[in-house]
Amino acid sequence: MKPVGVFLTAYNEARGLSPLLDAISPEYEVYVVDDGSMDATPEICRQKGVHLVRHAINLGQGNAVLTQFAVAIDSSHEFIVAMDADGQHDPAAIPSLLEALRVSGADVAQGSRVLGSNHASAPWARRTFLGPVTRLLNWVTGYRLTDAMCGFRAYRVSTLRRWREMFDRFQEPEYMASELWIRMARAEFRVVEVPVKLRDRHAGVSRKGSARYGWGVASAILRTVLDPPPSERP
Amino acid sequence: MNDKLAAILTCIAALALVLQTWRRFRRRALSIRLLVLWTAIWSSVAYFALYPSHLDLLMRFLNMGNRLFFLTMSGILVLLILVFRQSLELTRAEERLGRLTREVALLDHRLRHGETSSPEPVDDSRGSETEG
């Protein structure tokens, strides 16, 4: 098994999945967590020979991320990289995330679109709400992130294994990012940020700029803060 | 006369609903807990339709004077309690469904790819997860 696993969470991403998978270096082991896609996403994964982990029904990205963690813990990878399958995350940035983990000894390398060079051209909703949400999470967690909501991250697998029993405690999988940061902060995970560029989605519209999503993030933060388990330290 | 007719019609409707509830239970579409709950609700409706003066005893106990207001507020309260319970059950069901779906996906992946457990020893005891 290769030392690095690259995990993509996908839901009906058949349109742009094939070129994305081709762009990922063959030195990495590639997994696609398919969240109950109704299009050709699973078939494309089988054709490309990547690992396909399939949800029988659509549960949302948060649950797909939890499955991703479970598969990573099961594996013998040293590091994993999590990215979206909608084409916004450039596989060329994977080495920089991994290098940041190796050099710094951190547990998580967070991709930051704000530190990346094209944040100014991001959609209005993201430019407007990303800052306040990130600042709120920084205030709650003590981290000094510039972009808490980017799903492009690398993790040290040994840290995830020590953390495994906390995955059952996730209460808001739909708003995974917020809860994940709070739980990682309580477990004192070390985080390093890496600039990443954002690309356009293959298709569709992000729902993360909607007021409903923003409300969900805020309520997930509040709920996690108000409901701390006795100890999150691995 | 109109009051009596209304009471009889209400009783008939309530009885029909009790029978419907029992039919659903026999078809395993309803749990015994819900059978008891809804039978009690429909029976109460029929009873107080036939004996509305018995409501007065309850109202005197609660120090309320307006029967219509009492019935309306009681009905709203019961409905809110039922909605709250359904919300809790729905949340639990969603959580279980999510967990089950993830487990199935993980097991399927293990079977197809022959993944082994992590090389590090894992403490599977749940003792450290006590809350509070």
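## Helices across the sheet of chain A

Helix H3 (residues 61-74) of chain A lies across S1, S2, S3, strand S4 (79-84) and S6 of chain A, and runs at about 160° to S1(A). The model is predicted; local features need pLDDT of at least 70 and side-chain atom pairs count only at pLDDT 80 or more, while totals for chains, interfaces and linings use all residues. Residues are numbered from 1 along each chain as its sequence is written, chains are lettered from A and ligands numbered from 1 in the order in which they are written, and side-chain values use heavy atoms, with hydrogens and water left out.

Helix H2 (residues 41-48) of chain A lies across strand S1 (4-10), strand S2 (29-34) and S3 of chain A, at about 155° to S3(A). Helices (H or I, at least four residues) and strands (E, at least two) are DSSP runs numbered from the N terminus. Axes are lines fitted to C-alpha atoms, for helices over the stretch in contact, and angles run from 0 to 180 degrees between N-to-C directions. Contact means heavy atoms within 4.5 Å.

## The sheet of chain A

Chain A holds an open sheet of seven strands in the order S3-S2-S1-S4-S6-S5-S7, with mixed pairing. Its edge strands, each pairing on one side only, are strand S3 (51-54) and strand S7 (191-195) of chain A. On average, neighbouring strands of this sheet are turned by 20° against each other, direction ignored.

Two strands pair if DSSP finds at least two bridges between them. Strand S5 (residues 108-112) and strand S6 (residues 153-156) of chain A pair in the antiparallel sense over three bridges. Val108(A) has Tyr155(A) as its bridge partner in S6(A).

## Helix packing in chain B

H1(B) and H2(B) pack with their axes 8 Å apart, at an angle of about 170°. H1(B) is therefore roughly antiparallel to H2(B) (angles under 35 degrees count as roughly parallel, over 145 as roughly antiparallel, 65 to 115 as roughly perpendicular and the rest as oblique). By class, this contact of H1(B) with H2(B) has 15 nonpolar, four polar and no charged residues. Ala, Val, Leu, Ile, Met, Phe, Trp, Tyr, Cys and Pro count as nonpolar, Asp, Glu, Lys and Arg as charged, and the others, Gly among them, as polar.

The axes of helix H2 (residues 32-50) and helix H4 (residues 67-113) of chain B come within 13 Å and cross at roughly 170°. H2(B) is therefore roughly antiparallel to H4(B). Here Arg33(B), Leu37(B), Trp38(B) and Ile41(B) of H2(B) meet Val78(B), Leu82(B), Arg85(B) and Glu89(B) of H4(B); five of these residues are nonpolar, none polar and three charged. H3(B) and H4(B) pack at an angle of about 80°, with axes 11 Å apart, so H3(B) is roughly perpendicular to H4(B). The residues of the contact of H3(B) with H4(B) divide into six nonpolar, one polar and two charged.

## The second largest pocket

The second largest pocket has a volume of about 800 Å³. Of its 27 lining residues, Ile41(B), Ser44(B), Val45(B), Phe48(B) and Leu71(B) lie nearest its centre. On a 1 Å grid over the protein atoms alone, a pocket is an open set of points where a 1.4 Å probe fits, with protein on both sides within 12 Å along at least five of seven lines, and lining residues have an atom within 4 Å of a point. Grid points are joined across faces, edges and corners, and a volume is the space filled by probe spheres set on the points.

Helix H1 (2-26), H2, helix H3 (53-62) and H4 of chain B each supply at least two residues of this lining. H4(B) gives the most, with 10 residues. By class, the lining comprises 20 nonpolar, four polar and three charged residues.
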